[in-house]
Amino acid sequence: MRLRGNLSEMPWEEFCDLLSGLGADTPLGKIVGIRSENDREVLKHFTPEQRCIRSEWQRRTAKTVSAADAASALEQIRQALIEMAGGAAQT
């Protein structure tokens, strides 16, 4: 297992394998859990610190959405609204 050395040369698959072994009770595991939580009931009981961690992560990931991905998502929403209004979806 590579724990030291030039991590920039580590293959993505190896990095993912190393991370998958982290338990939820580790500091990094807790952060990942906070960032990925989507259950509204759980989110209601987050501490202010947990909310801050999650909000910061959401802001950062929102900035990484490409213009093409954003346009695609907006088009999907547009088509869904057209269908809900009784119109035919356009392709």
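pLDDT is the predictor's confidence in each residue, from 0 to 100. Helices (H or I, at least four residues) and strands (E, at least two) are DSSP runs, numbered from the N terminus.

This is a predicted model, in which local features need pLDDT of at least 70 and side-chain atom pairs count only at pLDDT 80 or more, while totals for chains, interfaces and linings use all residues. Residues are numbered from 1 along each chain as its sequence is written, and side-chain values use heavy atoms, with hydrogens and water left out.

The protein has an average pLDDT of 83, and 88% of the residues score at least 70. Its secondary structure consists of 5 helices and 0 strands, in the order α-α-α-α-α from the N terminus.

| Element | Residues | Mean pLDDT |
|---|---|---|
| Helix 1 | residues 12-20 | 79 (lowest) |
| Helix 3 | residues 40-44 | 94 (highest) |

Of the 91 residues, 9% are buried (under 20% relative accessible area, 1.4 Å probe, protein chains only). The accessible surface, from the Shrake-Rupley method with a 1.4 Å probe, comes to about 7700 Å², and carbon and sulfur atoms hold 58% of that area.

Helix 5 (residues 67-84) comprises 18 residues and reaches 26 Å from first to last C-alpha, close to the expected 26 Å; the expected span is 1.5 Å times one less than the number of residues. Just after helix 5, Gly-86 adopts a positive phi of about 95 degrees.

Lys-30 lies in helix 2 (residues 27-36). Beyond its neighbours within four places in sequence, Lys-30 is in contact (heavy atoms within 4.5 Å) with Ala-24 and Asp-25. A distance of 9.7 Å separates the C-alpha atoms of Lys-30 and Gln-50, which are 20 residues apart along the chain.

Methods:
Buried < 20%, exposed > 50% of the residue type's maximum accessible area, 1.4 Å probe, protein only.
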